[in-house]
Amino acid sequence: MKKILSLNSFILFFVLLFNTVGAFAQDDTGDDETVVETYSKIRLGFYSHTNSYRQILLGFEEENATEGIDYGYDAVNTFNLPNDMYFWTADTELFIQGVGYWSADAIYPIGVRSNGEGNIIIKLDATENMNPNQSIYIYDALNDTFFNIKDGDFVATVGIGTFNDRFSLRFVNQSTLGIDNPNLNTGIKVTYTNGDSMLNIQNNLSGTTAKSVSLYNMNGQEVGVWNIENQNQTAIAVPVNGFSKGIYIVNVNTTTGTITKKIIIR
């Protein structure tokens with residue numbers, strides 16, 4: 001049975017065609033003129049653990065689009081494939097995302113779905129109208145690392161599940177910038193007590209607020225997230241119940257950076 005394209009898909013096809021090959025306009029003499037495309041674009045390639053391939057596109061459309069959902073500029077991923085990658089915006093999967101003006105501080109979350117444990121690859125397929133000296137990073141929240149995909153392919157191990165909070169596209173390596181408080185790792189203590197299944201966070205830094213804490217298993221799957229911004233910062237207690245025995249990664253997100261710790265649940 002042939003699949004009938006929706007009106008949005010039909011419109012999107014011509015938007016992509018326009019953005020890819022350029023537009024044509026006729027001058028007063030009747031000659032066709034080629035309009036040169038000047039908007040910047042980034043094309044990311046994704047290989048799943050089964051080696052299936054997907055390309056996603058981020059386009060900077062300046063005044064024409066926003067960081068939210070813009071019909072005619074964003075393409076919603078409706079395929080629901082068992083292994084896939086997409087931009088994750090407003091709780092929506094996008095394989096084409098049109099945004100506004102480029103900003104060095106911008107962060108574009110990337111979602112990954114996997115039906116098995118193994119390695120995934122994220123690579124830079126191409127850029128258009130980008131500064132050739134601009135670095136492009138994949139951030140991995142599991143171990144708080146930045147990888148410049150202009151230097152090579154990013155490889156990570158994932159488990160079974162959907163990972164919408166682990167990876168993101170960025171343009172600044174924040175780990176090399178330094179932080180306002182150089183004692184972040186020593187000023188925030190993270191421990192786990194097996195007796196009461198409690199994650200204990202002690203924030204001894206004035207001027208720094210611990211906002212949230214995320215828990216990941218060793219497959220890189222986020223298994224828990226808690227808002228701790230309104231707790232007593234010197235005695236934050238998070239009940240961690242119902243998790244299997246093993247090693248877990250704890251990310252504590254603060255107003256001056258993110259720290260990563262390992263805990264063992266017995």
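**Sheets, cores and rings**

Modeller: Three strands, in the order E14-E15-E18, form an open sheet with antiparallel pairing. Strand E14 (188-193) and strand E18 (236-239) are the edge strands, as each pairs on one side only. On average, neighbouring strands here are turned by 15° against each other, direction ignored. Axes are lines fitted to C-alpha atoms, for helices over the stretch in contact, and angles run from 0 to 180 degrees between N-to-C directions.

Biologist: What are the ground rules for the values?

Modeller: This is a predicted model: local features need pLDDT of at least 70, side-chain atom pairs count only at pLDDT 80 or more, and totals for chains, interfaces and linings use all residues. Residues are numbered from 1 along each chain as its sequence is written, and side-chain values use heavy atoms, with hydrogens and water left out.

Biologist: How many helices and strands does the protein chain have?

Modeller: The protein chain has 2 helices and 20 strands. Helices (H or I, at least four residues) and strands (E, at least two) are DSSP runs, numbered from the N terminus.

Biologist: What makes E14 and strand E15 a pair?

Modeller: Two strands pair if DSSP finds at least two bridges between them. E14 and strand E15 (residues 198-203) have 6 bridges, in the antiparallel sense. They therefore count as paired. Threonine 191 stands opposite asparagine 200 in E15.

Biologist: Which strands make up the open sheet of 4?

Modeller: The order is E17-E16-E19-E20, again with antiparallel pairing. E17 and strand E20 (257-265) are at the edges, each pairing on one side only. E16 and E17 pair over 5 bridges in the antiparallel sense. Serine 214 stands opposite valine 225 in E17.

Biologist: Where is asparagine 217, relative to strand E16 and strand E17?

Modeller: Asparagine 217 is in the loop between strand E16 (210-216) and strand E17 (222-227).

Biologist: Why does asparagine 217 count as buried?

Modeller: Buried means under 20% relative accessible area, exposed over 50%, and partly exposed in between (1.4 Å probe, protein chains only). Asparagine 217 has 16% relative accessibility, so it counts as buried. Beyond its neighbours within four places in sequence, asparagine 217 is in contact (heavy atoms within 4.5 Å) with Leu142, Val223 and Tyr248. In the protein chain, 42% of the 266 residues are buried.

Biologist: What makes a set of residues a nonpolar core?

Modeller: The residues must be buried Ala, Val, Leu, Ile, Met, Phe, Trp, Tyr and Cys, joined through side-chain atoms within 4.5 Å. The largest such core has 31 residues, and Leu44, Phe87, Tyr108, Phe167 and Leu169 touch the most other members. Among the strands supplying at least two residues each are strand E6 (84-89), strand E8 (107-114) and strand E13 (161-170). A second, separate core of 20 residues includes Leu184, Tyr192, Ile228 and Val250.

Biologist: How do you know that E6 is mostly covered?

Modeller: In E6, 5 of its 6 residues are buried. E6 pairs with E8 over 4 bridges, in the antiparallel sense. Phenylalanine 87 has isoleucine 110 in E8 as its bridge partner. E6 also pairs with E7 in the antiparallel sense, over 3 bridges. Tryptophan 88 stands opposite glutamate 93 in E7.

Biologist: Why is the pair of phenylalanine 154 and phenylalanine 167 called edge-to-face?

Modeller: Rings of Phe, Tyr and Trp (its six-membered ring) pair if their centres lie within 6.5 Å; planes under 30 degrees apart count as stacked, over 60 as edge-to-face and the rest as tilted. Phenylalanine 154 and phenylalanine 167 are 5.8 Å apart centre to centre, with 75° between the planes. Therefore they are an aromatic pair, and an edge-to-face one. Phenylalanine 154 is in strand E12 and phenylalanine 167 in strand E13, 13 residues apart. Phe60, Trp102, Tyr108 and Phe171 form one aromatic cluster.

Biologist: What makes arginine 54 sit over the ring of phenylalanine 95?

Modeller: The rule asks for NZ of Lys or CZ of Arg within 6 Å of the ring centre and within 35 degrees of the ring normal. The charged end of arginine 54 is 5.1 Å from the ring centre of phenylalanine 95. Arginine 170 also lies over a ring face, that of tyrosine 139, at 4.1 Å from the centre.
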